[in-house]
Amino acid sequence: MSETVTTPPAYVAPAGRSLFEPHRLVLMAIFGVLVFCIIWFMRWDWLPRYSAKLVSGIGESLLMLFATSFVGFLLAVPIGLAQVAGPRLLKWLSVLFCTVIRGTPLLLQLWLLYYGLGSIFAQYPEIRQSFLWPYLRQAWPYGFLALTLSFAAYEGEVMRGAFAGVPRGELEAADSFGMSRFQTFWRIWLPRAIHRALPTLNGDTVLQLKSTPLIATITVVDVYGVISRVRQDTYLTYEPLLLLALIYLCLTGILVYVFRKLENRIPTRGV
Amino acid sequence: MKKALTIAALALTTTLAVLTGTAQAEQLKVGFAAEPYPPFTSPDAAGNWVGWEVEFQKAICAEAKLDCVITPVAWDGIIPALTSKKIDMIIGSMSITEERLKTIDFSDKYYNTPTVVIGPKDQKFDATPEGLKGKVIGVQVSTIHQAYATAHFGSTAAEIKEYQTQDEADQDLAAGRIDAVQADSIALDAFLKSEQGACCEVKGVVEDDPAILGLGVGIGIRKGETELKDKLNAAIKAIRANGTYDAFSKKYFDFDIYGK
Amino acid sequence: MATAATQSVFSLLALDSPGWGGVMLWGFAHSLQLAIGGYTLGLIIGIGGACAKLYGGPILRDLMEIYTTLIRAIPELVLMLLLYYAGTDALSQLLAALGYGAVDIDALTAGIFVIGVVQGAYSTEILRGAIKAVPIGQIEAARAFGMSPLQVLRRVTLPAMLPHAIPGLANLWMIATKDTALLAVIGFSELTLVTRQAAGSTKAYMLFFLAAGALYLALTLVSNVVIGLIEKRARRGLTRTA
């Protein structure tokens, strides 16, 4: 279990000591009783009514997560590259972009896009009559945009570090093989940079999951939105929130597990 | 290191004690939604909350001799906030409904107004299930309007879209993201009179459904607090009788908001 | 847009009523209070947690592991809702049990508590990593001089780990300032919520959100400068880069 000090550590699974040490058995027993109490003494009768909605909510959350992470990463590559090797203007622009996005809360960006930009769009009949309007009047494009830009800014910094960290010798070697600049980038620089950044990228994707519930504040019905609905319908305080925490815990656990499997399949020799 | 741990624990508890020491115990916290809901509660540029309901709350607390402090909270968590004692009363345009009475208690009603549907001027439809066919209707969550729209328009409307605040629903109607908004007539009237509300007009009053639309707006309190409830009911009666209610209502409305 | 209209739009930001600038600055002050309070509480929890993880018994260590794992795996927004309702409930019951009487917790305290508990998990990990980076010989030497564990912590471990902890802690401060915005969802009147109220009341959405963004950005930039100075000072006398 290694900790990098510069970034806040993402979820790291506990070290694999034996689960059957005596004190752990006692702890597990206590937690078992706790879980039993929660199941037995709290109200869960609403659960069947909302199960279909919950599943579709989880789907929406995961779809948002993967779509924004993927597109965000595609944006992060040029942003990182511009900061390492771009002309001065591009470099300056991408630094500005990263500073602004990283320096302001995501919730504020989200509301700025949805309410601010949305109200400006609505003022122009040209936009309201265009073929894009059926999409622009919905909420998810704004959530998608905000989450994508956020991911792009954070990963842009990561990619900057990764590009800068590829040893010069490797690029010079590619050069001396007669590769064009584009070939060097495509065959050596980019793959090596992604390879270096992969653990951070995976960790940040898990962090991105934790940002997705914010889109519920602009009427996108993700799993958090469904749970809000349950809270409003039943006036229960704790039960829906506990379930929500459990759902996110499971999603995080699954993501961490899958990413670890994937990372293990990629050879890390020489990194 | 045991000692260090004790010190850390001690420091922690002292911090908490100092932090909580500033909290006062006797005041009654009056909760309402932390959002502009004119003409009932809205923040002004000086950071104060103003509106009809703020004046009503002041009059009630003065009449009942309660030490009240207004506490804006998130609307979607306002009932949990009451039951978990974050606040002690809700004076926030909350209608008395059967569903809510399962969880909390209410004073007698202090106002009652009809429910209307509004929509853009350039679209012609009325506030019936047929009229709203295929429309996207905006409502505020955890309101009687959400329950009503879901029950009566849910089968014909394209979508019932839920908003955390009434203001957001109004904003999205003005921005053309939704086709209609169902809400309290007075709150919508304030919106229609605003610059943004020029886009829209009242499409009609919805058909009454007392089971959902409730018995008017009351002060929400925790169950079992009968003493407080009696005090509040007496205070509502008193300010109705001595003219205080009419005096501050006149500043906002040209009709009797109390209803029949 | 005409100049007159532009002027009237910007007059919305004037400090005195009818401008909303004063309210926004007041909200900003609240955000700062929350961030500073939550961050400090988080640090205290972090120091305790790191010590517990490194030197505590197996049960304490496992409990801390559960705490940090849970906090880091659940979205801040969900945690804040849970802690705001359940956590403050438990806390007031605890204080009542300890004999402080029925204290009810005001919104600011609840907000600081919520941010502090979330931050505590991250600072636990950062401080634990930093303490581990202190050469064990230095601590042993201090012990050999007959210092008590607390003296070792104060005189050797904390100062020696500081250069290792500062980048992480600085990052955490940035996160703290931005996490305060999430309290808007609970209804706490900090900068983001005040901004939305101002925007909703005046319908000048772009203006107010951009203005709030500028305030947050200014805070970040000023913080960066201050952190740079602190880092420089903490690293004095250090030959290698940690």
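## Domain and chain contacts in a predicted model

In chain B, 13 residues of domain 1 are in contact with 13 residues of domain 2, two residues being in contact if their C-beta atoms, placed from the backbone, lie within 7 Å. The residues on the side of domain 1 of chain B that touches domain 2 of chain B comprise seven nonpolar, three polar and three charged, where Ala, Val, Leu, Ile, Met, Phe, Trp, Tyr, Cys and Pro count as nonpolar, Asp, Glu, Lys and Arg as charged, and the others, Gly among them, as polar. This is a predicted model, in which local features need pLDDT of at least 70 and side-chain atom pairs count only at pLDDT 80 or more, while totals for chains, interfaces and linings use all residues. Residues are numbered from 1 along each chain as its sequence is written, and chains are lettered from A and ligands numbered from 1 in the order in which they are written.

The bounds of the two domains come from an automatic or database domain assignment, and their C-alpha centres lie 25 Å apart.

| Domain of chain B | Residues |
|---|---|
| Domain 1 | 26-112 + 215-250 |
| Domain 2 | 115-213 |

Between chains A and C, 36 residues of chain A are in contact with 44 residues of chain C. Helix 4 of chain A gives the largest share of the side of chain A that touches chain C, eight residues, helices being DSSP runs (H or I, at least four residues) numbered from the N terminus. By class, that side of chain A has 22 nonpolar, 10 polar and four charged residues.

Key
Helix = DSSP H or I, 4+ residues; strand = E, 2+ residues; numbered from the N terminus.
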